[in-house]
Amino acid sequence: DGEVVHCIGCGAAVQTIDKNMIGYTPESALKKGLENGEVYCQRCFRLRHYNEIAPVSLSDDDFLKLLTKIASTDSLIVYVVDIFDVNGSMIPGLHRFVGDNPVLLVGNKLDVLPASLKKNKVKDWLRQRANAAGIRPIDVELISAKTNFDIDRLLDQIEKYRKGKDVYVVGVTNVGKSTLINSIVRQSTGIKELITTSRFPGTTLDRIDIPLDDGKLLVDTPGIIQPEQMAHHLVGKELKLVTPQKTIKPKVYQLNPEQTLFFGGVARFDYNSGDKKHGFTVYAENNLYIHRTKLVNADAFYASHVGNLLTPPSEENKTNFPPLEMHEFKTTRKSDVVIEGLGWVTVPADVVVSGWAPKGVSVLIRPAMI
Ligand code: GDP
């Protein structure tokens with residue numbers, strides 16, 4: 001009683017309160033474990049029994065410790081980001097910790113992008129966002145962890161750039177890092193017993209070490225929660241309606257100036273002013289409800305319909321959902337207004353438009369990708 005129990009897999013202090021945090025074990029499993037003298041946290045349990053790696057979240061303090069550890073290594077850093085939520089994928093302060101280590105930037109979730117998109121433009125966009133955060137990647141790769149697309153190629157590139165060193169895979173939660181690690185494990189080992197968990201020396205943080213051919217390691221690090229993600233404002237089913245699940249089918253809306261599109265109740269796009277009616281192409285989850293209305297009525301319309309017609313958020317969740325904030329842009333060329341975590345709207349040159357997203361979620365403009 002009152003004594004701290006440690007997981008015999010990773011050494012984390014076992015807790016039964018927060019299932020997203022390190023060391024979580026369901027009450028019943030803890031009881032059983034204490035009875036037979038073998039307590040595993042849920043993460044290690046799944047790893048042992050199903051060869052499945054569950055995401056885990058850390059406090060900022062723990063994460064800082066982890067980055068400091070990585071900074072002191074001589075290694076290749078593989079930085080996984082979500083192509084659909086690049087700002088929401090940024091690890092705060094990462095540039096200060098990579099030191100002289102090379103960073104291979106990996107854009108995940110390529111499967112949801114339509115084939116008409118130019119991959120080089122996507123790579124340029126990722127590189128540009130990384131540069132803005134102070135990271136200069138040696139290369140950028142686009143993959144789909146879910147469909148295994150170009151995982152082989154990624155492994156070849158890792159082999160090329162690591163030059164005999166260890167590899168650290170880093171990323172915030174929700175970018176698909178666990179899915180990627182699972183895919184790598186299947187591809188490169190196929191043998192359950194090869195994966196081991198161990199601790200970062202001097203911390204309670206667990207890591208997963210995947211042995212490489214030359215005795216070096218590919219290390220999966222815990223993710224940190226990046227609060228500026230659309231995903232954090234939605235639950236379960238709502239998230240599935242907002243996060244693109246399958247290849248996006250672009251939809252074209254002919255809009256007159258002073259018309260508005262609502263994306264469920266999670267985002268909004270206004271065509272404020274321009275010379276005439278234009279086609280605006282929406283790239284978002286295929287099943288997300290899009291509602292067209294007049295700009296003058298839009299605020300009142302949102303206030304009375306959010307949670308019912310304009311959903312997600314659901315009726316129950318709408319009071320917790322942050323208010324939408326406006327970001328206005330004047331275009332000088334064909335551009336994409338990007339609403340992070342949701343998608344984007346391709347707009348013509350010489351118009352004034354606004355993208356609206358929950359407070360904290362980024363809205364950006366970039367040259368059109370098509
Ligand atoms: P982690 O928190 O970074 O470890 O992320 P997960 O691996 O748990 O994935 C987060 C969410 O993204 C899950 O719903 C996954 O199904 C989804 N996901 C992961 N990889 C891909 C991918 O390549 N394509 C698509 N469309 N979804 C993905």
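Reader: What pLDDT does the chain average, and what share of the residues score at least 70?
Author: This is a predicted model, in which local features need a pLDDT of at least 70 and side-chain atom pairs count only at 80 or more, while totals for chains, interfaces and linings use all residues. Residues are numbered from 1 along each chain as its sequence is written. With pLDDT being the predictor's confidence in each residue, from 0 to 100, the chain averages 88, and the share of residues that score at least 70 is 91%.

Reader: Is Gly 107 buried or exposed?
Author: Gly 107 lies in strand β3, residues 103–108, where strands (E, at least two residues) and helices (H or I, at least four) are DSSP runs numbered from the N terminus. Leaving aside neighbours within four places in sequence, Gly 107 is in contact with residues including Val 81, Ile 83 and Val 122. A residue counts as buried if 20 or more other C-beta atoms, placed from the backbone, lie within 10 Å of its own, as exposed if 12 or fewer do, and as partly exposed in between. Because Gly 107 has 27 other C-beta atoms within 10 Å, Gly 107 is buried.

Reader: How far apart in space are Gly 107 and Leu 142, C-alpha to C-alpha?
Author: Leu 142 is among the residues in contact with Gly 107. The two are 35 residues apart in sequence, and their C-alpha atoms are apart in space by 4.7 Å.

Reader: Within what arc do the buried residues of α6 fall?
Author: Helix α6 covers residues 151–162, and its buried residues are Leu 154, Ile 158 and Arg 162. Taking the directions from the helix axis to the C-beta atoms, these buried residues line one face of the helix, because they fall within an arc of 55°.

Reader: Which strands are included in what covers the buried residues of α6?
Author: On the other side of α6, Asp 152, Arg 153, Asp 156 and Lys 160 are exposed. What covers the buried residues of α6 includes β2 (75–82), β3, β4 (139–142) and β5 (166–170).

Definitions and conventions. Contact = placed C-beta atoms within 7 Å. Expected span 1.5 Å × (residues − 1).
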